[in-house]
Amino acid sequence: MADTLLRHLHLATLEAGSDYGAIRDGALLIRDGRIAWLGHEADLPAGLGEVEEVDGDGGWLTPGLIDCHTHLVYGGDRANEFEMRLNGASYEEIARAGGGIRSTVAATRAASEAELFMASLRRLDALLREGVTTVEIKSGYGLDYATERKMLRVARQLGEARNVAVRTTYLAAHALPAEYAGRADDYIDACMAWLAPLADEGLIDAVDAFCETLGFSRDQVERLFRAAQQRGLPVKLHAEQLSDSGGAELTARLGGLSADHLEWLDEQGIAAMAAHGTVAVLLPIAFYCLRETKLPPIEALRAAGVAMAVSTDCNPGTAPCSSPLLALNMACTLFRLTPAEALAGMTRHAAKALGMQDEVGTLTVGKRADLALWRIERPAELCYWLGGEPLWQRWSNGRMVGPASR
Ligand code: DI6
Ligand code: FE
């Protein structure tokens, strides 16, 4: 494959430091799927040999976006519950009518692998149209072996069907299925038993859980995480979303990749995350949809130097959203991140949240050429516009794969 030279564009390298790591009037060379050179166009090395040129027409090139926390494989949707609530039904009434996570579990169990794939592909394609080149996808709407496996298989199939890197996360400990009512410890044992064969099949890249009074206790999460770590799998946690359960502190202490949500995170949790380099994954769409009022402690996380990632949380209950750009906007408007922080949160820090920081997340020589080219005049526009389809081109593994599907 001939080398590709992207020129007549500006680079937002997102390397550490301020101002997006911007290089105006830049150029970037792709060789063998990797970034081989980047800098000011005026400094292009001589004797590049035969290259295929792409004229960026003055746009901005960023690392491809990384959506590091999604539940995008699921059956059905919950639009009916949204409507019921707005017509006055309470959460309890909806739950009694079989609603909430349980309704998604029922729909996901009922869907065939092909149906689940097609429904999820539409959501994935929406992410790609907004510049995503890496996406994390969780299981967690199966809550039984066969359906957790089906979800993870579909996630892998999505990665094969499209030019995007998929990281799978095993989230069987998302909710207690009705079959295990009153037996949460037994259910954690089951999650641990399912882990081995699913990992052996190559279906699991990381392990997650929902640590909450509604979900699982710290002790239960710790048991599951130790089993994951014995198999060499990294861990991450839904922590401190609705109350302070100390989940972030646990995850940090175990050397986990990230703690996610964090509205109720306390000082101790922040200190532990800072000490262990655990990434804080912020999910402003879920905050918005739940009409939360308690903000995650952004200023304290910033002061402690904790890396903050931003993600869609794409799921049918609390974030029916497949727009990473909307998540960037809400990270700014609701959580008061600067646009530079938000964009680092969906590139550099999101890569770290997936343990992929040596491979993707910044424009750096040697990293994979996963890139997004935007029709914008300044990087802050990626956080500013609501809609508008600013993506122009996407590269995955050095291949130009267009703004849309494929
Ligand atoms: N926290 C969330 O926001 C989602 N899961 C979780 O642990 C909600 C999932 C759902 O309601 O379907
Ligand atoms: Fe989530």
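Analyst: Start with a cut-off: angles of 65 to 115 degrees count as roughly perpendicular, under 35 as roughly parallel, over 145 as roughly antiparallel, and the rest as oblique. Note also that this is a predicted model.

User: How is a packed pair described in general?

Analyst: Two packed helices are described by the angle between their axes and the distance between the axes. Here, take helix 4 (residues 113-128) and helix 5 (residues 145-161). Their axes come within 9 Å and cross at roughly 50°. Helix 4 and helix 5 are therefore oblique to each other. Their crossing is right-handed.

User: Which residues of helix 4 and helix 5 make the contact?

Analyst: Helix 4 brings Glu113, Leu116, Phe117, Ser120, Leu121 and Leu124. Helix 5 brings Lys150, Met151, Arg153, Val154, Gln157, Leu158 and Ala161. By class, that contact has 8 nonpolar, 2 polar and 3 charged residues.

User: What about spacing along a helix?

Analyst: An α-helix has 3.6 residues a turn, so residues three or four places apart point the same way.

User: How far apart are the end C-alpha atoms of helix 4?

Analyst: They are 22 Å apart. At 1.5 Å a residue, its 16 residues should span 22 Å, so the two values agree.

User: What do the buried residues of helix 4 pack against?

Analyst: Buried residues of helix 4 include Leu116, Phe117, Arg123 and Asp125. The buried residues pack against helix 5 and other elements, among them strand 5 (65-67), helix 3 (101-110) and helix 12 (324-333).

User: Is His349 buried or exposed?

Analyst: His349 is buried, because its relative accessible area is 17%, and the cut-off is under 20%. His349 lies in helix 14 (residues 348-353).

Methods:
Residues are numbered from 1 along each chain as its sequence is written. Chains are lettered from A and ligands numbered from 1 in the order in which they are written. This is a predicted model: local features need pLDDT of at least 70, side-chain atom pairs count only at pLDDT 80 or more; totals for chains, interfaces and linings use all residues. Side-chain values use heavy atoms; hydrogens and water are left out. Axes are lines fitted to C-alpha atoms, for helices over the stretch in contact, and angles run from 0 to 180 degrees between N-to-C directions. Helices (H or I, at least four residues) and strands (E, at least two) are DSSP runs, numbered from the N terminus. A crossing is left-handed if the near helix is turned anticlockwise from the far one by less than a right angle, and right-handed if clockwise. Contact means heavy atoms within 4.5 Å. Ala, Val, Leu, Ile, Met, Phe, Trp, Tyr, Cys and Pro count as nonpolar, Asp, Glu, Lys and Arg as charged, and the others, Gly among them, as polar. The expected span of a helix is 1.5 Å times one less than its number of residues. Buried means under 20% relative accessible area, exposed over 50%, partly exposed in between (1.4 Å probe, protein chains only).
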